[in-house]
Amino acid sequence: AVCSMGNSTSRLYSVLAKTLSSGAVSQHQDCLEQLDPAQLDPIDPKDLLEECQVVLQKRPPRFQRNFVSLKKNTASSHRPIRVMQWNILAQALGEGKDNFVQCPMEALKWEERKCLILEEILAYKPDILCLQEVDHYFDTFEPLLSRLGYQCTFFPKPWSPCLDVEHNNGPDGCALFFLRERFQLLSSANIRLTAMKLKTNQVAIAQTLRCRETGRPLCIAVTHLKARTGWERFRSAQGCDLLQNLKDITQGAQIPLIVCGDFNAEPTEEVYREFSNSSLNLNSAYKLLSPDGQSEPPYTTWKIRPSGECRHTLDYIWYSQHALNVTSALGLLTEEQIGPNRLPSFNYPSDHLSLVCDFSFNQDPDRLL
């Protein structure tokens, strides 16, 4: 049976108008997991964007961010593949655990914050969307994005910290979405990461897709590694486990790979070096925005907690540099745009910035590593 999501002509398409309670989510979860895209009324993204803007009319307008062209004179025989990476901030953590001392609670209201998140996604129109800290998958992201043409996958953390928060909406986890009109799913793996031979609370999703336009395969992975200082060796072990899984899935880099994630690790950490030096021949896309093409951005997250101000580079889009070209990347918010109270805010829904890149396949698919 397919859950009724309301008449598609109704304002806000019923799903956007009101978020289900956690009780309702648990009641409908089995049903929502079996949504058949062919039986759902499609949503026009322009209509949904307009509805979001109605909800957000008392908030400041979206920040303007521009794409930076990175590949000159590179002819491509196919449309770019746009990939978006974003830790959207779990609602339960934002309201109940993260303690953003300069962010008013009013700015974190889910009814409006979810519209800010959707507005960001709709503005950049990714072909592939990788999200972390998703705790409103079944009542918001799956029903809406599936009707926008995405195939949706969710893998929750086994012991999500969201469950410790009163009135939570269930566990948070990683979610992966791709446009069905652009890709066909060949295989999918939900990976519970291990460290020191122990299963951990961190997860990944890896899917092998076939690009309908070119016929070429592409593996896309999303992950969220362990947070906090003092866990560097643990993150390193998780990274090694993920890389080994991806080597198997890509048949030793024969299939082009893109890995998106909140690694909770600065570029100085061992896990970053593991990805940089992997036999999968990965490069970090956002390094290409730097003048020398070798430096990561100065920050991808910027927040103020009781312990002080935290400005870090933790989020990455890794890609097979022998098989893929980065044709453009979305510039980051400036310090002036972010403002003195940092993130999240009335302007921006998460403490992490979204990363967006356009990729093209290398024109020589048989090129060796």
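## Helices α2 and α4

Two residues are in contact here when they have heavy atoms within 4.5 Å of each other. The structure is a predicted model. In this model, helix α2 (residues 45–55) packs against helix α4 (residues 110–124) at an angle of about 140°, and the two axes are 9 Å apart. The crossing of α2 with α4 is left-handed.

Which residues of α2 and α4 meet? From α2 they are Pro-45, Leu-48, Leu-49, Cys-52, Gln-53 and Val-55, and from α4 they are Glu-111, Glu-112, Cys-115, Leu-118, Glu-119 and Leu-122. Sorted by class, this contact has eight nonpolar, one polar and three charged residues.

## Helices α4 and α5

Helix α4 also packs with helix α5 (residues 137–147). Here the angle is about 35°, and the axes are 12 Å apart. The crossing of α4 and α5 is right-handed.

On the α4 side, the contact is made by Trp-110, Lys-114, Ile-117 and Leu-118. On the α5 side, Thr-140, Phe-141 and Leu-144 take part. The residues of the contact of α4 with α5 divide into five nonpolar, one polar and one charged. Leu-118 is listed in the contact of α4 with α2 and in the contact of α4 with α5.

Strands of a sheet pair through backbone hydrogen bonds, either parallel or antiparallel. This structure has an open sheet of six strands with mixed pairing, in the order β6-β7-β8-β9-β13-β10. Its edge strands are β6 (183–195) and β10 (282–284), each of which pairs on one side only. On average, neighbouring strands of the sheet are turned by 20° against each other, with direction ignored.

Within the sheet, β9 (residues 257–262) and β13 (residues 315–320) run antiparallel and are joined by five bridges. Helix α6 (residues 232–249) lies across β6, β7 (198–211), β8 (217–224), β9 and β10. Its direction is at about 150° to β6.

## The β11–β12 hairpin

Strands β11 and β12 pair in the antiparallel sense, over five bridges. A hairpin through two residues joins β11 to β12. Across this pair, Lys-303 stands opposite Cys-310 in β12.

Rolling a probe the size of a water molecule over the atoms shows where empty space is left. The largest pocket has a volume of about 980 Å³. It is lined by 34 residues, of which Lys-226, Ala-227, Arg-228, Asn-264 and Arg-305 are the closest to its centre. The elements that give two or more residues to this lining are β7, α6, β11 (301–305) and β12 (308–312). The lining of the largest pocket has ten nonpolar, ten polar and 14 charged residues.

The second largest pocket holds about 340 Å³ of space. Of its 15 lining residues, the closest to the centre are Pro-45, Leu-122, Lys-125, Leu-148 and Tyr-150. Both α2 and α4 give two or more residues to this lining, and α2 gives the most, with three. By class, the lining of the second largest pocket has nine nonpolar, one polar and five charged residues. Pro-45 and Leu-122 are also among the residues in the contact of α2 with α4.

## The cavity

How many cavities of 30 Å³ or more does the structure hold? There is one, and the largest cavity has a volume of about 70 Å³. Its lining is made up of Arg-62, Phe-63, Arg-65, Leu-116, Glu-119, Glu-120, Tyr-124, Asn-347, Tyr-348 and Pro-349. These residues divide into five nonpolar, one polar and four charged. Glu-119 is also one of the α4 residues that meet α2.

## Backbone exceptions

Most residues other than glycine have a negative phi, and most peptide bonds are trans. Lys-125 is not a glycine, yet its phi is positive, at about 50°. Lys-125 lies in the loop between α4 and β3 (128–134). Lys-125 is also one of the residues closest to the centre of the second largest pocket.

The peptide bond joining Leu-343 and Pro-344 is cis, with omega about -10°. Pro-344 sits in the loop between α8 (335–338) and β15 (355–361).

Conventions
Residues numbered from 1 in each chain as written. Predicted model: local features only at pLDDT ≥ 70, side-chain atom pairs only at ≥ 80, totals over all residues. Heavy atoms only, no water. Pairing = 2+ DSSP bridges. Helix = DSSP H or I, 4+ residues; strand = E, 2+ residues; numbered from the N terminus. Axes fitted to C-alpha atoms, helices over the stretch in contact; angles between N-to-C directions. Left-handed = near helix turned anticlockwise from the far one by under 90°. Nonpolar A, V, L, I, M, F, W, Y, C, P; charged D, E, K, R; others polar. 1 Å grid on protein atoms, 1.4 Å probe; cavity = no way out; pocket = protein on both sides within 12 Å on 5 of 7 lines; lining within 4 Å. Points joined across faces, edges and corners; volume = space filled by probe spheres on them.
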